[in-house]
Amino acid sequence: MDIRLLSTFLEVARVRHFGRTAENQHITQAAVSARIKQLEAYFGTVLFTRERNNIKLTSSGERLIGYAEVMVSTLQQAKYELSLEESMTLQLSIGGTPNIWDAYLQNCLSIVTDEFTGYGFNAEVLSREQINRGLIERTLDMAFAFDPLKVDELECTKIANLRLVLVSTSLCNVDTALSEKYVYVDWGTAFALEHGHRHPQKNAPFLRTSTGRIALDFILEKGGSAYLPLSLVESFLKSGQLQLVEKSFNWDRPIYLSYRKKSTSIDAINAVAALIPQIDPSSSFSLVKAGELEC
């Protein structure tokens, strides 16, 4: 099917006017009518009711919108990917959960992109479920998460450790840190289970969040405690804005790399996998500067 038929249908559905659609798409009004008639003939149904100065979607037209949006988006993405390939530019899509980007990948990405000349990169912040689907559906080449993905067609290997430390804006012990403005950060399923064993029957967290960046900003502004990556808080420990909680233990969280076993980008994936563990995942420039400015 010609993608122009669907894009014209979506534009008519948006503006509810054949004339404005023609202007927006730089075609004639007759061409707009012809494209809608072709679609209606293809699907064997009426998509719009046409009354004077009043165009309405039929129930069939309403149902087609979702499918049309997906098809147009997919075909446009395919066209873009193929154009990159035609121009000899290789594309690598990298995904990670929000905490992975905050604590580890943000700095790594700039070094990886410098090392791989001739590549275009796509960096995505995704949930674990979106990562799993993206790898299976081939919209992602490689992805990083705190918990391994157990799918037959995926290779999943531990690539690094992320050290978490319990920090606070004031000198305190573990009991105080966990009972006064404690911010619980979601560092994965294994962390949640072990957290329950380490700190049983403690007070409910003052705040829960899915990203270390939110937790760090919050406790710096409002005071409190949280388990955060050493790489993210090191500059704040040095400046005295944060303190290590007395008698607390460090927590090493494994980071897993997942990719399709039969990926066409396997050589690039292996090269990235070899490079990333060598990179010091220092905190991002903006956070370091923020700490320096506040001192």
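This is a predicted model: local features need pLDDT of at least 70, side-chain atom pairs count only at pLDDT 80 or more; totals for chains, interfaces and linings use all residues.
Biologist: Which residues of helix H9 are buried?

Modeller: H9 covers residues 212-222. Seen down the helix axis, its buried residues fall within an arc of 100°, so they line one face. Those residues are Gly212, Ala215, Leu216 and Ile219.

Biologist: Which residues are buried in helix H10?

Modeller: H10 runs over residues 230-239. After the helix comes Gly240, with a positive phi near 90°. The buried residues of H10 are Ser231, Leu232, Val233 and Phe236.

Biologist: Where does Lys181 lie?

Modeller: Lys181 is not a glycine, yet its phi is positive, about 55°. Its relative accessibility is 34%, so Lys181 counts as partly exposed. Its place is the loop between helix H7 (174-179) and strand E7 (182-185).

Biologist: Is Lys247 buried or exposed?

Modeller: Lys247 also is not a glycine and has a positive phi, about 60°. It sits in the loop between strand E10 (243-244) and E11. The relative accessible area of Lys247 is 79%, and the cut-off for exposed is over 50%. Lys247 is therefore exposed.

Biologist: What is the volume of the second largest pocket?

Modeller: The lining of this pocket holds 15 residues. Nearest its centre lie Thr97, Arg128, Asp147, Asp186 and Gly188. The volume is about 250 Å³.

Biologist: Which elements give two or more residues to the lining of the second largest pocket?

Modeller: The lining divides into five nonpolar, six polar and four charged residues. Two elements each supply two or more of the lining residues of the second largest pocket: helix H5 (98-115) and helix H6 (128-136).

Biologist: How many disulfides are there?

Modeller: A disulfide needs two cysteine sulfurs within 2.5 Å. Cys108 is in no disulfide, since its nearest cysteine sulfur, that of Cys156, is 17 Å away. Cys156 is in no disulfide either. The count is zero.

Biologist: Which accessibility class does Cys156 fall in?

Modeller: Cys108 is buried, with a relative accessible area of 1%. For Cys156 the relative accessible area is 23%. Buried means under 20%, so the class for Cys156 is partly exposed.

Biologist: How many salt bridges does the structure hold?

Modeller: One of them joins Arg253 and Asp147. Another joins Asp252 and Arg163. Arg4 and Asp2 form one too. The structure holds six.

Biologist: How far apart are the closest N and O atoms of Arg4 and Asp2?

Modeller: Arg4 is partly exposed, at 47% relative accessibility. Asp2 is partly exposed as well, with a relative accessible area of 29%. Their closest N and O atoms are 2.7 Å apart.

Biologist: How many residues apart in sequence are the parts tied together by Arg253 and Asp147?

Modeller: The closest N and O atoms of this salt bridge are 3.7 Å apart. Arg253 and Asp147 are both buried. Arg253 lies in strand E11 (residues 251-260), and Asp147 lies in the loop between strand E5 (142-145) and strand E6 (154-168). The parts they tie together are 106 residues apart.

Biologist: Which strands hold Asp252 and Arg163?

Modeller: The two side chains meet in a salt bridge at 2.9 Å, N to O. Asp252 is partly exposed at 39%, and Arg163 is partly exposed at 38%. The pair links distant parts of the chain, 89 residues apart. Asp252 is in strand E11 and Arg163 in strand E6.

Biologist: What separates the C-alpha atoms of Ile136 and Glu153?

Modeller: Ile136 belongs to helix H6. It is partly exposed, with a relative accessible area of 34%. Along the chain, Ile136 and Glu153 are 17 residues apart. Their C-alpha atoms are separated by 7.9 Å.

Key. Residues are numbered from 1 along each chain as its sequence is written. Side-chain values use heavy atoms; hydrogens and water are left out. Buried means under 20% relative accessible area, exposed over 50%, partly exposed in between (1.4 Å probe, protein chains only). Helices (H or I, at least four residues) and strands (E, at least two) are DSSP runs, numbered from the N terminus. The arc is that of the directions from the helix axis to the C-beta atoms. On a 1 Å grid over the protein atoms alone, a cavity is a set of points where a 1.4 Å probe fits but cannot get out, and a pocket is an open set with protein on both sides within 12 Å along at least five of seven lines; lining residues have an atom within 4 Å of a point. Grid points are joined across faces, edges and corners, and a volume is the space filled by probe spheres set on the points. Ala, Val, Leu, Ile, Met, Phe, Trp, Tyr, Cys and Pro count as nonpolar, Asp, Glu, Lys and Arg as charged, and the others, Gly among them, as polar. A salt bridge is a side-chain nitrogen of Lys or Arg within 4 Å of a carboxyl oxygen of Asp or Glu.
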